[in-house]
Amino acid sequence: MHNEPFTNIDVLIAHLEAWSDQASVEVEGLTELDHGLQCAETLAAQSPEDAELAIAGLVHDIGHKITSPETHAEDGAALLGGLLGSRVAAIVGLHVAAKRYLVTTDPDYRALLSPGSVETLKMQGGDMTPEEVAAFEAQSWWKDAVRLRRADEAAKVVGRTTRGLSDWLPKLCQLAG
Ligand SMILES: [Fe+2]
C-alpha cells in the first residue's frame, strides 16, 4: 500500500486504477474509483473551467485505505501536495472539516449525509464550535472545499454513468507538470 507522498504521476495513476477493484469506504455497491469519478464529474459540470477543483474531487479520498477516517483528509493532502500543488492539497485536506462546517452552518445539510458519513462525523469531531467555524473560514480555498464536500455527498449513486479515469488523465498529467 502506498503511504508516502506521491512524486510520480504514473504511480498516482496506478493507484487510482487500482481503486476500480476496491469497494468504496463510504457507500455499498460502489468502488473507490466510482466515487471519485462521480465527484469529479459533478464539480466539472458545475465549473467546467476549473480543472483543479475537478481533479481534487477525483482524488479527494486518496487517504482511504492508507490511513484512518479521522485523518484521511489531512493525510491525503500530504500525499498529494508535492505532485498536484498546494490548491488541490488544501481542498483535499479540508474536505472533512468542510463536512463538520456544513453540518454546523447549514440545517439542510445534515439530512443529506449518508449513514457512513454520519458515523464517521462523530469520530471526526462532530459539530464545529464558533471558533472552529471562524478558523475554517480563514483558510485558503475553504469555499472550494465546501463545494467539493457537497459534490462528495452527491457522489454516492449506484449505477450512475460517468466518464472513465482515462478521460481525466490529460488534466491530471497537466497539473502534475
Ligand atoms: Fe468521499
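The following legends describe close-up views of a predicted model.

Residues are numbered from 1 along each chain as its sequence is written. Local features need pLDDT of at least 70 and side-chain atom pairs count only at pLDDT 80 or more, while totals for chains, interfaces and linings use all residues; side-chain values use heavy atoms, with hydrogens and water left out.

View 1. Helices are DSSP runs (H or I, at least four residues), numbered from the N terminus. Both Asp 61 and Asp 152 are buried, where buried means under 20% relative accessible area, exposed over 50% and partly exposed in between (1.4 Å probe, protein chains only).

**View 2. Cys 39 and Cys 173.** The count of disulfides is 0, a disulfide being a pair of cysteine sulfur atoms within 2.5 Å. Cys 39 is buried, at a relative accessible area of 0%, whereas Cys 173 is partly exposed at 36%.

**View 3. Aromatic cluster of Tyr 101, Phe 136 and Trp 142.** Ring pairs link these residues into a cluster. There are 3 aromatic pairs by count. One of the pairs is that of Phe 136 and Trp 142, which is edge-to-face, with 5.9 Å centre to centre and 70 degrees between the planes. Rings of Phe, Tyr and Trp (its six-membered ring) pair if their centres lie within 6.5 Å; planes under 30 degrees apart are stacked, over 60 edge-to-face and the rest tilted. Phe 136 is buried, with a relative accessible area of 3%, and Trp 142 is buried at 18%.

**View 4. The largest pocket.** The space in this pocket is about 180 Å³, the volume being that filled by probe spheres set on grid points joined across faces, edges and corners. A pocket is an open set of points on a 1 Å grid over the protein atoms alone where a 1.4 Å probe fits, with protein on both sides within 12 Å along at least five of seven lines; lining residues have an atom within 4 Å of a point. Of the 18 lining residues, Val 25, Glu 26, His 64, His 72 and Thr 120 lie nearest the centre. At least two lining residues come from each of α6 (95–105), α7 (115–123) and α9. The lining has 3 nonpolar, 9 polar and 6 charged residues; Ala, Val, Leu, Ile, Met, Phe, Trp, Tyr, Cys and Pro count as nonpolar, Asp, Glu, Lys and Arg as charged, and the others, Gly among them, as polar.

**View 5. Positive phi at Lys 65 and Trp 141.** Most residues other than glycine have a negative phi. Lys 65 has a phi near 70 degrees and lies in the loop between α3 and α4. Phi of Trp 141 is about 65 degrees; Trp 141 is in the loop between α8 (130–137) and α9. Lys 65 is partly exposed at 36% relative accessibility, and Trp 141 is partly exposed at 35%.
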